[in-house]
Amino acid sequence: MMKYDWLESAGFFTIDLGLDRVRELLNRLGNPEKKLRFIHVAGSNGKGSVCTFVENGLRGCGFSTGFYSSPHLIHLAERYRINGKVVEEERLDSAAEVVRPVVEEMRAEGKAPTYFEMTTALALVLFEREKPDFVVWETGLGGRLDATNVVQPLLSIITGISLEHTEYLGSTLVAIAREKAGIIKDKVPVLCGPLKPEALEVIRKVAAERGAPLTVVPPYEGEFHLLRLPGGIVRQELVLEGEKVRIPLPGVYQRNNARLAARALALLAEMENFPLRKALAALEQAEWPARMQVVPERNLLIDGAHNPEGAEVLARSLREMYPGEKFHFIAGCFADKNASEVLRFLAPLALDFRWIAFDGAGRAVCPPEQLSALLKPYAPECPTECCSLEKALADLPRRERSVLTGSLHMCGEALEILQRG
């Protein structure tokens with residue numbers, strides 16, 4: 001029996017939003033969340049990148065950190081980082097042995113926690129033991145009823161808001177903004193990235209009601225330089241908070257993410273009295289797999305864009321990084337995604353598409369023939385074929401660059417295949 005079957009049996013993609021179960025679970029575990037200091041980050045896109053920038057900045061000033069993110073790409077332990085490193089298996093196992101019996105008790109009482117509620121509790125038990133100076137705390141879905149929303153943070157951050165998970169969060173930007181705004185706490189400073197007016201109005205209203213000082217960080221429009229390295233790797237040099245900063249994450253949207261993270265670090269520097277310049281210099285060490293990740297030896301770029309907003313910035317970033325090029329796309333997505341709009345942005349850059357019916361771990365995947373039909377209005381002559389992810393990756397490298405995109409879950413499968421060689 002696999003040692004984490006008790007966790008995985010809850011269903012990786014099972015969603016049942018609410019805070020009652022996770023609060024009871026944490027109460028039975030001694031409320032570890034009350035002994036930690038959090039930076040809580042929500043958003044439709046970019047929250048993982050903002051988290052990794054903030055976490056690197058804090059470590060660059062000598063602070064110890066915990067970092068909880070989701071989903072993992074290959075292994076469960078990826079969700080938990082301590083001082084920038086994925087937690088060791090032994091530490092994770094030890095924390096799991098504390099959480100598991102409490103979960104079993106609740107299941108016996110008909111109060112079974114979801115997969116994400118259990119992984120969140122695991123994070124808090126791990127971090128309580130390590131006692132980091134700060135915990136960078138990424139939401140899973142939404143905010144108001146997300147299991148992470150049981151903490152009292154030092155700072156709340158909302159990266160951006162777009163139409164996503166509409167069956168759970170609502171069908172309009174206003175409704176989704178209300179859910180994201182749920183992480184705003186009384187009198188706790190809140191930052192948000194560029195938002196559409198109707199979403200920003202919601203954030204402003206909630207922040208005012210809760211007496212939470214709000215700072216809106218506009219898109220990065222300053223000077224920047226692309227540093228082109230061998231193998232198609234691109235770095236960016238830009239000015240943040242008056243300092244020249246180099247970031248290793250390429251793409252248009254990473255400039256916005258870095259600007260938001262830099263403002264967060266500036267606020268934290270005022271609150272905690274640490275040197276901002278040193279924190280900003282540490283952004284150069286940031287790493288975030290499957291987000292504009294270049295695999296030079298395979299002439300491959302991997303990006304987890306899975307909604308129209310993500311696809312639009314991916315297309316803009318590809319044009320900026322590789323002007324004049326077209327790409328072999330390896331693509332697949334879950335059935336509940338707006339695949340038509342995603343393809344609308346990618347089609348003009350395509351040499352061809354290979355559709356992947358990847359393993360959805362019980363969640364419905366969009367059939368390749370449906371993706372072909374959705375592509376036709378935008379690129380009726382574009383060649384397409386269906387194949388396995390293993391075959392698509394085995395055919396690399398090609399003379400032209402390939403781009404694998406459409407689902408973070410599929411990106412994780414691809415990275416695992418590439419690791420195996």
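Between which two helices is the loop that holds Thr114 found? Thr114 is in the loop between helix H4 (89-108) and helix H5 (115-130). Helices (H or I, at least four residues) and strands (E, at least two) are DSSP runs, numbered from the N terminus.

This is a predicted model, in which local features need pLDDT of at least 70 and side-chain atom pairs count only at pLDDT 80 or more, while totals for chains, interfaces and linings use all residues. Residues are numbered from 1 along each chain as its sequence is written, and side-chain values use heavy atoms, with hydrogens and water left out.

## The chain as a whole

The chain has 15 helices and 17 strands. Its radius of gyration is 21 Å, close to the 22 Å that the globule rule gives for 421 residues, so the chain is as compact as a globular protein of that length. The radius is taken over C-alpha atoms, and the rule is 2.2 Å times the number of residues to the power 0.38. Along the principal axes, the C-alpha atoms fill a box of roughly 60 × 55 × 40 Å.

Of the 421 residues, 57% count as buried. Buried means under 20% relative accessible area, exposed means over 50%, and partly exposed is in between (1.4 Å probe, protein chains only). The chain exposes about 17,400 Å², and carbon and sulfur atoms supply 49% of this area. Accessible areas come from the Shrake-Rupley method with a 1.4 Å probe; for residues, only the protein chains shown count as cover.

Contacts (heavy atoms within 4.5 Å) can also be sorted by distance along the sequence. Among contacts between residues at least 6 apart in sequence, 74% join residues at least 24 apart.

Strand S5 covers residues 134-138, and five of its five residues are buried. Phe134, Val136 and Glu138 point one way from S5, while Val135 and Trp137 point the other way; all are buried. In a regular strand the side chains alternate between the two faces of the sheet.

Which strands pair with S5? Strand S1 (residues 38-42) pairs with S5 in the parallel sense over four bridges. Strand S2 (residues 65-68) also runs parallel to S5, and four bridges join these two strands. Two strands pair if DSSP finds at least two bridges between them.

## Residues in loops

Thr114 is buried, with a relative accessible area of 9%. Leaving aside neighbours within four places in sequence, Thr114 is in contact with Ala10, Thr14, Asp16 and Arg21. Thr114 and Arg21 are 93 residues apart along the chain, yet their C-alpha atoms are separated by 8.6 Å.

Ala347 has its place in the loop between helix H12 (339-346) and strand S15 (350-356). Is Ala347 buried or exposed? At 7% relative accessibility, Ala347 counts as buried. With neighbours within four places in sequence left aside, its contacts are Phe353, Leu375, Tyr378 and Ala379. The C-alpha atoms of Ala347 and Cys382 are separated by 8.2 Å, and the two residues are 35 apart along the chain.

Pro380 is in the loop between helix H13 (368-375) and strand S16 (384-387). This residue is partly exposed, with a relative accessible area of 48%. Pro380 and Gly46 are 334 residues apart in sequence and 32 Å apart in space, C-alpha to C-alpha.

| Residue | Relative accessible area | Class |
|---|---|---|
| Thr114 | 9% | buried |
| Ala347 | 7% | buried |
| Pro380 | 48% | partly exposed |
| Lys187 | 67% | exposed |
| Glu241 | 34% | partly exposed |

## Backbone angles

Most residues other than glycine have a negative phi, and most peptide bonds are trans. Phi of Lys187, however, is near 65°, a positive value in a residue other than glycine. Lys187 lies in the loop between helix H7 (173-180) and strand S7 (190-192). Glu241 is not a glycine either, and its phi is positive at about 50°. The loop that holds Glu241 is between strand S10 (234-240) and strand S11 (243-247).

A cis peptide bond joins Ser70 and Pro71, with omega about -5°. Pro71 lies in the loop between S2 and strand S3 (80-82).
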